[in-house]
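Subject: Structure handover

Hi,

Here is the structure we talked about. My notes follow below it.

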Amino acid sequence: MPSTSKTASRILAGSTSWTNYSYQATLNIDYYSTGSASLIARVQDNMHLYYFGYNIVLSEWMIAKRSGTTFTMLGASSPVDITGNTDYTVR
């Protein structure tokens, strides 16, 4: 079910009981985006989740965890330039 606000769009699927899974999606970032484009996983609520995505400002792919108000960067790539309005398939 999509959820849209001024800052985010989300589609949720699956179950909180899942413990080991993977998924694939296509990210397409327009030329004017700021912030990041992310896939979220293991969502307990808006304050407890993991995410993988592209940080537009730093030009890097990253994996991070949010636990309450604490954000933990679990890994990041070296800078990678992407082309706006291009599909990127990630898994």
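Glu60 is in contact (heavy atoms within 4.5 Å) with Gly53, Tyr54, Asn55, Met73, Ala76, Ser77 and Ser78, leaving aside neighbours within four places in sequence. Glu60 belongs to strand β6, residues 60-67. Strands here are DSSP runs of E, at least two residues, numbered from the N terminus.

Before you go on, two notes on the source. The model is predicted: local features need pLDDT of at least 70, side-chain atom pairs count only at pLDDT 80 or more, and totals for chains, interfaces and linings use all residues. Residues are numbered from 1 along each chain as its sequence is written, and side-chain values use heavy atoms, with hydrogens and water left out.

Is Glu60 buried or exposed? Glu60 is buried, yet has no salt bridge. Buried means under 20% relative accessible area (1.4 Å probe, protein chains only). A salt bridge needs a side-chain nitrogen of Lys or Arg within 4 Å of a carboxyl oxygen of Asp or Glu. The nearest side chain of opposite charge is Arg66, 17 Å away. For charge, Lys and Arg count as positive, Asp and Glu as negative; His and the chain ends are not counted.

Now the sheet. It is open, with four strands in the order β4-β5-β6-β7 and antiparallel pairing. Two strands pair if DSSP finds at least two bridges between them. β4 (36-45) and β7 (70-76) stand at the edges with a single partner strand each, so one side of each has no neighbour in the sheet. The twist averages 20° from one strand to the next, taken between lines fitted to C-alpha atoms, with angles from 0 to 180 degrees between N-to-C directions.

β4 and β5 pair over seven bridges. A two-residue hairpin joins them. Ser36 stands opposite Asn55 in β5.

β5 (residues 48-55) and β6 are joined by eight bridges. Their hairpin has four residues between the strands, and Ser59 in the turn has a positive phi of about 55°. Leu49 has Arg66 as its bridge partner in β6. Tyr54 has Trp61.

Trp61 counts as buried because its relative accessibility is 17%. Its contacts beyond four places in sequence include Phe52, Gly75, Val80, Ile82 and Tyr88. Trp61 and Gly75 are 14 residues apart in sequence and 8.4 Å apart, C-alpha to C-alpha.

Trp61 also sits in the largest nonpolar core, seven residues in all, with Leu27, Ile29, Ala37, Leu39, Tyr54 and Val90. Such a core is a set of buried Ala, Val, Leu, Ile, Met, Phe, Trp, Tyr and Cys residues joined through side-chain atoms within 4.5 Å.

Best wishes

Technical notes: Buried < 20%, exposed > 50% of the residue type's maximum accessible area, 1.4 Å probe, protein only.
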